[in-house]
Amino acid sequence: MQVQLPDFRQLLTPETALIEWYLPQDPDLGAWAFTVTLDPDGPQIRAYSYSADERHRLDEFNQTYFADYRQPSWYKALDRRLEDLAEHLHLSSLIAALPQTCQRLILIPHLYLHLFPLHALSVELNAPATPLLERFSQGVSYAPSCQILDYIHHRPQPATPPQFFAVQNPTQDLSYAQMEVEFIRPYFDPNCYILTQQAATKSALNRRETLEKLRQSHFIHFACHGGFDSENPLNSAVILAGDTPLESAPTEEKRQTLTLRDGRRFDTAQQGLTLGEIYRNLEIPACRLVMLSACETGLMGSLLTDEYIGLASGFLYAGTPAVVSSLWCVDDFATACLAIRFYYELRQDERVVMALHRSQNWLRRVSVEGFLEWCGQGLQMTEEECEMIDLKLMDYDERCPFGDRRYWSAFVAIGL
């Protein structure tokens with residue numbers, strides 16, 4: 001049976017490259033990477049093969065990557081593990097073979113490769129090793145598949161003034177998520193609709209008025225807790241306001257509870273917008289972007305089949321062409337800073353991939369002095385607010401507070 005490929009002449013430009021991986025279910029068959037570029041003669045597709053031994057090393061890496069997840073040791077080992085992954089994928093060789101004119105990269109992982117921040121892997125070209133996103137000045141984005149990328153490419157884009165919808169700190173324990181939305185909303189005032197703190201309940205989200213606002217919104221932002229349910233991916237959710245966390249999970253309702261990194265369990269039937277509900281009920285035809293500023297919103301359950309099942313895919317299915325989501329439990333303060341900077345960059349360049357590219361590069365490089373200058377001059381914080389931020393920065397590296405990959409690389413741009 002012949003594989004139906006999308007029209008790469010519409011998806012790509014001469015400045016854009018695409019890399020797609022394929023991991024057969026039988027690891028003894030190895031693996032493949034396909035690079036696609038566009039030149040005057042049309043799409044150029046090149047295949048790169050991995051041996052069975054190289055595939056087995058990839059599988060072993062995947063089995064150990066999350067072995068100590070949610071423990072401090074996982075974050076400490078992240079840099080080393082990602083360096084190993086870059087070697088397993090022969091990433092430097094793949095990138096070196098691309099034309100120098102390519103300044104944007106689209107990555108289409110396969111199976112467990114969706115779980116890794118490939119844009120943060122180091123590549124060695126004609127200079128010391130640097131993160132992949134530094135090689136591509138127009139950004140690095142992801143897609144579940146070529147077919148989905150082609151599908152969302154043909155969706156009509158809204159031409160009306162931007163409408164902003166946000167869920168703001170519904171559990172009231174994320175002070176920087178609260179700050180995050182407060183600094184983002186002025187970019188969209190007065191066209192904002194925000195469910196804040198205890199008002200951001202599931203019943204409020206499901207009201208007819210709210211659902212109509214969601215249908216009309218171009219930018220939908222969740223600043224809250226999130227979690228991925230590896231046993232039942234459709235129970236993965238962003239957490240809303242409601243009753244206090246469950247002290248125990250009834251056996252018969254085990255699959256309706258979600259455990260966060262601090263051990264708290266939430267009843268997703270009462271306090272969560274779950275992936276299953278997004279697939280079944282959510283319609284956001286005007287949306288340009290869903291920003292999931294929460295933990296684990298980019299994790300997915302495509303481990304044994306080709307089906308991509310995660311919160312990001314749910315929102316793509318609901319109507320948005322782009323989702324920004326996270327690949328692990330993220331730091332509240334660093335995430336708020338990245339999100340605020342992201343919308344600042346989005347005002348300069350409306351392309352989601354470019355806004356994330358610039359905000360991540362800024363966050364990983366900014367000094368304490370540069371960060372405080374941005375708070376004072378860029379965000380117009382008061383002197384008291386800047387002093388509080390200065391105290392908070394003492395919890396991070398004194399030279400480059402967010403330079404570690406754990407702070408800047410968790411978020412990925414999926415879609416257009």
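Predicted model: local features only at pLDDT ≥ 70, side-chain atom pairs only at ≥ 80, totals over all residues.
User: How many salt bridges does the structure hold?

Analyst: The structure holds 17 salt bridges. To count, a side-chain nitrogen of Lys or Arg must come within 4 Å of a carboxyl oxygen of Asp or Glu.

User: Where in the chain do R405 and E83 lie?

Analyst: R405 is in helix 17 (residues 405-408) and E83 in helix 3 (residues 72-88). They are 322 residues apart, and the pair links distant parts of the chain. E83 and R405 also belong to a salt-bridge network that includes D79.

User: Is R405 buried or exposed?

Analyst: Buried means under 20% relative accessible area. R405 counts as buried because its relative accessibility is 9%. E83, at 31%, counts as partly exposed.

User: Which residue forms a salt bridge with D173?

Analyst: R264 does, and the closest N and O atoms are 2.8 Å apart. R264 sits in the loop between strand 13 (257-259) and strand 14 (265-267), while D173 sits in the loop between strand 8 (164-168) and helix 7 (175-184). This pair also links distant parts of the chain, 91 residues apart. R264 is partly exposed at 24% relative accessible area, and D173 is partly exposed at 36%.

User: What is the N to O distance between R185 and D189?

Analyst: The side chains of R185 and D189 meet in a salt bridge at 3.9 Å, N to O. R185 is partly exposed at 27% relative accessibility, as is D189 with a relative accessible area of 41%.

User: Which residues gather in the patch of negative charge on the surface?

Analyst: Residues in a patch have over 30% relative accessible area and no salt bridge. Here E369, E383, E384, E385, E387 and D390 gather on the surface. Helix 16 (residues 383-393) gives the largest share, 5 residues. D390 is found in helix 16, and its relative accessibility of 37% makes D390 partly exposed.

User: How many aromatic pairs does a search of the whole structure find?

Analyst: The search finds 32 aromatic pairs. Among them, Y65 and F116 form an edge-to-face pair, 4.7 Å centre to centre, with 75° between the planes. Planes over 60 degrees apart count as edge-to-face. Y65 lies in helix 2 (residues 52-65) and F116 in the loop between strand 4 (104-108) and strand 5 (122-123), so the pair ties together parts that are 51 residues apart in sequence. Both Y65 and F116 are buried.

User: Which residues do ring pairs link into a cluster?

Analyst: The cluster is made of F61, Y65, F66, Y69, W74, Y75, Y112, F116 and W328.

User: What should I look for in the backbone?

Analyst: Most peptide bonds are trans, and most residues other than glycine have a negative phi. The bond that joins D189 and P190 is cis, with omega about 0°. P190 lies in the loop between helix 7 and strand 9 (192-196).

User: What is the phi of H90, and what is the phi of Q172?

Analyst: H90 has a positive phi near 55° and is not a glycine. H90 is in the loop between helix 3 and helix 4 (91-96) and is partly exposed, with a relative accessible area of 23%. Q172, also not a glycine, has a positive phi of about 60°. Q172 lies in the loop between strand 8 and helix 7, and is partly exposed at 46% relative accessible area.

How values were computed
Residues numbered from 1 in each chain as written. Heavy atoms only, no water. Patch = residues over 30% accessible without salt bridge, like charges linked within 9 Å, V, L, I, M, F, W, Y side chains within 5 Å. Areas by Shrake-Rupley, 256 points an atom, 1.4 Å probe, with all protein chains shown as cover. Lys, Arg positive; Asp, Glu negative; His and termini not counted. Charge placed at Lys NZ, Arg CZ, Asp CG, Glu CD. Helix = DSSP H or I, 4+ residues; strand = E, 2+ residues; numbered from the N terminus. Buried < 20%, exposed > 50% of the residue type's maximum accessible area, 1.4 Å probe, protein only. Phe/Tyr/Trp six-rings, centres within 6.5 Å; stacked < 30°, edge-to-face > 60°.
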